[in-house]
Amino acid sequence: MWDLKLPPKIKVFAWRFFIDRLPTRDQLLKRGVALVSCPNCVLCGSSLESSSHLFFNCQEVKAVWNHVFFWLGIPEEINVEDLFCFEVIQDKVKCSKRRITINFVWVATIWSLWLMRNAMIFRGEVFSFDVVCTNIVFLSWRWLYCGYTKFKPNYYEWFKLPLSDNRIP
């Protein structure tokens with residue numbers, strides 16, 4: 001993950017995600033933050049908001065991961081549940097170029113979900129599947145485009161065929 005050419009803010013976010021130190025509602029309650037009026041997930045409202053629930057187990061989020069999985073057209077050796085685990089991707093995707101691309105999309109997915117969660121909490125927005133998925137496509141394209149000089153598809157090409165071998169850095 002540290003080798004990915006991501007903005008520093010995103011690397012710090014991913015690092016905090018991996019060590020379970022994002023300020024999710026369960027973490028805030030553990031630390032005695034009294035501002036949390038309801039500990040439930042802001043996306044579905046049915047379970048305690050934890051990192052694992054917010055990014056992988058929430059029904060709204062599962063739909064996003066399914067969409068990402070089908071958009072990428074990931075080969076049969078990996079399933080959508082494998083996509084939840086960053087380490088499994090590193091083990092199962094043997095082609096380093098595809099693995100790099102999937103890593104960028106993975107980070108863009110958790111970042112986009114975090115942005116939507118915060119927009120709902122702090123700006124009163126309503127969950128939008130389309131906004132989350134559009135952010136994932138755009139952010140992963142932009143990060144790859146800015147970080148790798150050999151990666152130069154236009155946005156439309158990226159949107160249509162993200163794992164095309166001739167576009168991967």
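User: Which residues in α8 are buried?

Analyst: The model is a predicted one, in which local features need pLDDT of at least 70 and side-chain atom pairs count only at pLDDT 80 or more, while totals for chains, interfaces and linings use all residues. Residues are numbered from 1 along each chain as its sequence is written, and side-chain values use heavy atoms, with hydrogens and water left out. In α8, the buried residues are V132, C133, I136, V137, L139, S140, W141, W143, L144 and G147. Buried means under 20% relative accessible area, exposed means over 50%, and partly exposed lies in between (1.4 Å probe, protein chains only). Those residues of α8 pack against α1, α4, α7 and α9, where contact means heavy atoms within 4.5 Å.

User: What is the pLDDT of the protein chain, and which elements have the lowest and highest means?

Analyst: The chain has a mean pLDDT of 86, and 92% of its residues reach 70 or more; pLDDT is the predictor's confidence in each residue, from 0 to 100. Helices (H or I, at least four residues) and strands (E, at least two) are DSSP runs, numbered from the N terminus.

User: How do you know that the span of α4 agrees with its number of residues?

Analyst: The expected span of a helix is 1.5 Å times one less than its number of residues. The 14 residues of α4 (residues 59-72) should therefore span 20 Å, and the end C-alpha atoms are 20 Å apart, which agrees. For α8, 19 residues should span 27 Å, and its end C-alpha atoms are 27 Å apart, so the values agree.

User: What puts the buried residues of α4 on the same side?

Analyst: The residues concerned are V61, V64, W65, V68, F69, W71 and L72. They cover an arc of only 165° around the axis, which puts them on the same side of α4; the arc is that of the directions from the helix axis to the C-beta atoms. The face turned away from that buried side carries the exposed residues Q59 and F70. The buried residues of α4 pack against α3 (51-57), α5, α7 (96-123), α8 (129-147) and α9 (155-160).

User: How many disulfides are there, and where is the nearest cysteine sulfur to C41?

Analyst: A disulfide is a pair of cysteine sulfur atoms within 2.5 Å, and by this rule the count is 0. C41 is in no disulfide, as its nearest cysteine sulfur, that of C44, is 3.9 Å away. C44 is likewise in no disulfide, the nearest cysteine sulfur being that of C58 at 3.8 Å. C41 has 2% relative accessibility and therefore counts as buried, whereas C44, at 31%, counts as partly exposed.

User: Why is the pair of F138 and W141 called tilted?

Analyst: Rings of Phe, Tyr and Trp (its six-membered ring) pair if their centres lie within 6.5 Å; planes under 30 degrees apart count as stacked, over 60 as edge-to-face and the rest as tilted. The structure holds 20 aromatic pairs. In the pair of F138 and W141 the centres are 6.0 Å apart and the planes lie at 45°, so the pair is tilted. F138 and W141 are 3 residues apart in helix α8, and therefore about one helical turn separates them. F138, at 32% relative accessibility, counts as partly exposed, and W141, at 15%, counts as buried.
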